[in-house]
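Let's take a look at this protein together. Start with the whole chain, then zoom in on one spot inside.

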Amino acid sequence: MKTAAGENMKKVVTVLPTPEPHWVGDGFPVRSLFSYGLQEPDISPFLLLDHAGPHNFEPGNVNRPRGVGVHPHRGFETVSIAYQGEVSHRDSTGQGGTIGPGDVQWMTAAGGILHEEFHSQNFTRSGGPFHMVQLWVNLPASHKMNPPSYQPILAREIPTVDLSASGGGKLRVIAGAHGDARGPARTVTPMNVWDLQQRGGESATLTVPEGHNALVAVLTGRAHIGAAAVPVKQDEVAVLERAGTALRVSAATDCMVLILTGEPLGERVIGYGPFVMNTREQIMQAIDDFNRGKFGEMPAGQPAV
Ligand code: MN
C-alpha cells in the first residue's frame, strides 16, 4: 500500500559520477561535483559545486599563503562552507574575513566584484586537514547587475536541528528553513542549503517545498538517497526529480551530506570562466568591463591573511 509520504517521495533521476580532481590556485584541491553546461538535468538555481579535500597540508610559508589571487566574478554568488582548515577572503567592496570550521562566506558578486581567497595565516603556519566546499548560486536576470554584497556567517549563527525523533542525524540550516529552524543566509530566490551529518544506519525524511529542484552531494561516506534508496558514495551527487516534497537520506556509513534545493530560475545560462550571465553579449560586456577596470579595486594593504 502506498502511503502519502511514499507518493511524495522524490526519486533520483541520476547519480553524477566522481570527477577527476584539479587544483584551484595552489590552495584548493577540488573536484567539481557538478557544473552548469556539463550536466543535462536541471540543477538551477545552482551552478557549480567544488569540493576541496579532505586533504592534508604541510605547514607553509606565512609570507606566501596558498590560494587564489585577485580575480573577478559577475552574475552569481559564491558560497564557501568550511569544515576543516581556515580561509581568508578580501574583496573590492572592502569586505573580508577568515572562516574556520562550520563558518560560511556568502558572497554576492552580482554586477561585479574582485576578490582573493587564501589559506589563513594560522592555517598556513600549522598546516593540517583541510576540507571545504564552494557552491555557485545563480542570480535571476533581474538581479545579475545589482551592487555586490557579502554575508559572513559564523557557525554559531547556524541552527542545528536534531533529527533523532524522525530517524536520525544533525541538520545545519545555512539557508532556507527546516521546520521552525531558519537559516541565517539571505537569498535572492527561494532555496535550502543544508549540511546533514549522520551516523551509519541513521535515516531521515526531510520536507522540501513543492517545485524545488534537489541535489544531494555526499562529501564523506556512503548514503542511500530517494524513494528507491539509490546508493551514492563520497564525491557523487544525486540529482532528484522536481516532483515530490519528501527527500529521504539514509546513511550506509557515517557520512557528511550537502543538500541543495531551490526554485528553478528557468532562464538561459551562458557562462565564461568567472562570469555567468544570460546572453553571449553580456559575457562580452563582462570581459570588456573587467578589462576597463569597472569591477572596482582591491582595498590597499596586505592580504588579510
Ligand atoms: Mn572566486
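When we talk about charges here, Lys and Arg count as positive and Asp and Glu as negative, while His and the chain ends are not counted. This is a predicted model. With that in mind, the protein chain has 24 positive and 29 negative charges, and their mean positions are 1 Å apart.

Now for the overall build. The protein chain holds 3 helices and 26 strands. Its radius of gyration is 19 Å, close to the 19 Å that the globule rule gives for 305 residues, so the chain is as compact as a globular protein of that length. Here are a few values for the whole chain:

| Property of the protein chain | Value |
|---|---|
| Span of the C-alpha trace along the principal axes | about 65 × 45 × 35 Å |
| Accessible surface | about 13,300 Å² |
| Share of that surface belonging to carbon and sulfur atoms | 51% |
| Share of the 305 residues that are buried | 52% |

What about contacts along the sequence? Take the ones between residues at least 6 apart: 73% of them join residues at least 24 apart.

Time to zoom in on valine 193, which sits in strand E17, residues 191-198. Is valine 193 buried or exposed? Its relative accessibility is 0%, so valine 193 counts as buried. Leaving out residues up to four places away in sequence, valine 193 touches a list of residues that includes Phe46, Ile81, Trp106, Leu135 and Leu258. Arg172 is also one of the residues that valine 193 touches. These two are 21 residues apart along the chain, and their C-alpha atoms are separated by 8.5 Å.

Key: Residues are numbered from 1 along each chain as its sequence is written. This is a predicted model: local features need pLDDT of at least 70, side-chain atom pairs count only at pLDDT 80 or more; totals for chains, interfaces and linings use all residues. Side-chain values use heavy atoms; hydrogens and water are left out. Helices (H or I, at least four residues) and strands (E, at least two) are DSSP runs, numbered from the N terminus. The radius of gyration is taken over C-alpha atoms; the globule rule is 2.2 Å times the number of residues to the power 0.38. Buried means under 20% relative accessible area, exposed over 50%, partly exposed in between (1.4 Å probe, protein chains only). Contact means heavy atoms within 4.5 Å. Accessible areas come from the Shrake-Rupley method with a 1.4 Å probe; for residues, only the protein chains shown count as cover. The place of a charge is taken as NZ of Lys, CZ of Arg, CG of Asp or CD of Glu.
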